[in-house]
Amino acid sequence: IAVVANNSVLVDNLTIEQVAGIYTGEITNWSEVGGANKAIVVVNRDEASGTRVAFWELTIKAVFGKTTEFIKDAITVESNGDMVTKVGSTPDAIGFCGFGYIDKAVSGGAKTILVNGVEATVDNVLSGKFPVSRKLNVITKGEPAGFAATFIDFLLSAEGQTIVDEEGFISLP
């Protein structure tokens, strides 16, 4: 999960504690993290988002514990596509997106933010250096059969993994 900010933001690196502080409302101005004296515009995903849950677990919960919640007055968007569009078009905004949306974020007026000095790259995720990453799993009730088995076989095939790569996500090593 990449942390992205509008190109107007002068900050290029945040610690995981700073990211968590921004998303809980403890940090509200870019000057508190080495940037300009501008209010931080927080963009978050809607409550149905698995990316939102994973981001919360990897940032806020990891830093502050399980009872700490997201800031209430963030702009809420429904998809990764909406996230990168909103962040790219909103001065002083910060957000997060899946790896498959980094190129769209960058071409739309946003940039990726290093977290703990580590860039959101495939190598850094696979090595465990990038701190805001998660694995996605396919789960079935019992042994997969029928369409489920066919889908999983395709997903794990060379053709399926090529599509994962082409879409900007991280394929299985």
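**Entry 1: Tyr23 and Phe55**

I checked burial for Tyr23 and Phe55 in this predicted model, and both come out buried. Their ring centres sit 5.0 Å apart with the planes at 75°, so I log the pair as edge-to-face. Tyr23 belongs to helix α1 and Phe55 to helix α2, so this pair ties together parts 32 residues apart in sequence.

**Entry 2: Tyr23 again, now with Phe70**

I looked at Tyr23 against Phe70 next, and that aromatic pair is edge-to-face too, at 6.0 Å centre to centre and 75° between the planes. I have Phe70 down as buried, like Tyr23.

**Entry 3: the ring cluster**

Which residues do the ring pairs link into a cluster? I get Tyr23, Phe55, Phe70 and Phe96. My count of aromatic pairs comes to 6.

**Entry 4: α1 on α2**

I went back to the helices that carry Tyr23 and Phe55. The axes of α1 (residues 16–24) and α2 (residues 50–64) come within 9 Å and cross at roughly 100°. Angles of 65 to 115 degrees count as roughly perpendicular, so I note α1 and α2 as roughly perpendicular to each other.

On the α1 side of the contact I listed Ile16, Glu17, Val19, Ala20, Gly21, Tyr23 and Thr24. On the α2 side I have Phe55, Leu58, Thr59, Ile60, Val63 and Phe64. Sorted by type, the residues of this contact give 9 nonpolar, 3 polar and 1 charged.

Notes:
Residues numbered from 1 in each chain as written. Predicted model: local features only at pLDDT ≥ 70, side-chain atom pairs only at ≥ 80, totals over all residues. Heavy atoms only, no water. Axes fitted to C-alpha atoms, helices over the stretch in contact; angles between N-to-C directions. Helix = DSSP H or I, 4+ residues; strand = E, 2+ residues; numbered from the N terminus. Parallel < 35°, antiparallel > 145°, perpendicular 65-115°, else oblique. Contact = heavy atoms within 4.5 Å. Nonpolar A, V, L, I, M, F, W, Y, C, P; charged D, E, K, R; others polar. Phe/Tyr/Trp six-rings, centres within 6.5 Å; stacked < 30°, edge-to-face > 60°. Buried < 20%, exposed > 50% of the residue type's maximum accessible area, 1.4 Å probe, protein only.
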